[in-house]
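Q: I would like to learn how to read this structure feature by feature. Where do we start?

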Amino acid sequence: PSSLRILAVILLLTGVPAFTAGSAAAHAVIIDSVPAVDAVVAGDSDVSLHFNSRIDHQRSRLTLIAPDGGSSSLTIVPDSAPDIVAAKLTGLAPGQYRLRWLVLAIDGHLTRGDIRFSVKAP
């Protein structure tokens, strides 16, 4: 125990940060999503990604990757809540899709990921 105290004092006196609170919460993390990972949805559906921090909607992107590998940009709903990125899916054929998201958190950090989901046949 005393050697830990000595190390802490040395780090404090030399100005070396041992731990910073900001590094633990540096990136936006999805709390909840619609569609959820591996969900099965209808051809018309809402997209809602809820993050643990405020998101810059204008600089964030949603891309839909179709079963054939083609991709299209989704329009983000501009008046959604500050911690939610929302869009609409319409006219999707049955198959497996990926929703690729790239968001800029208000603190300036970019975060990205994919959500796999399927569209059921009517």
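Q: Which residue in β6 is the bridge partner of serine 48?

A: Alanine 86 is the bridge partner of serine 48. Strands here are DSSP runs of E with at least two residues, and helices are runs of H or I with at least four, numbered from the N terminus. This is a predicted model: local features need pLDDT of at least 70, side-chain atom pairs count only at pLDDT 80 or more, and totals for chains, interfaces and linings use all residues. Residues are numbered from 1 along each chain as its sequence is written, and side-chain values use heavy atoms, with hydrogens and water left out.

Q: How many bridges join β3 to β6?

A: Two strands pair if DSSP finds at least two bridges between them. Strand β3, residues 45-51, is joined to β6 by six, and the two run antiparallel.

Q: In what order do the strands of the open sheet stand?

A: The order is β1-β3-β6, with antiparallel pairing. β1 (30-34) and β6 (84-89) each have a single partner strand, so one side of each lacks a neighbour in the sheet. Neighbouring strands are turned by 10° against each other on average, direction ignored. For such angles, axes are lines fitted to C-alpha atoms, and the angles run from 0 to 180 degrees between N-to-C directions.

Q: What does the protein's secondary structure come to?

A: It comes to two helices and eight strands. From the N terminus, the elements run α-α-β-β-β-β-β-β-β-β.

Q: How many aromatic pairs does a search of the whole structure find?

A: Rings of Phe, Tyr and Trp (its six-membered ring) pair if their centres lie within 6.5 Å; planes under 30 degrees apart count as stacked, over 60 as edge-to-face and the rest as tilted. The search finds two pairs. Phenylalanine 51 and tryptophan 101 have ring centres 5.4 Å apart and planes at 70°, so their pair is edge-to-face. Phenylalanine 51 lies in β3 and tryptophan 101 in β7 (residues 95-104), so the pair ties together parts 50 residues apart in sequence. Tyrosine 97 and phenylalanine 117 are stacked, at 5.7 Å centre to centre with 15° between the planes. Tyrosine 97 is in β7 and phenylalanine 117 in β8 (residues 110-119), 20 residues apart.

Q: Are phenylalanine 51 and tryptophan 101 buried or exposed?

A: Buried means under 20% relative accessible area, exposed over 50%, and partly exposed in between (1.4 Å probe, protein chains only). Phenylalanine 51 and tryptophan 101 are buried. Tyrosine 97 counts as buried at 5% relative accessibility, and phenylalanine 117 counts as buried at 0%. Of the protein's 122 residues, 30% count as buried.
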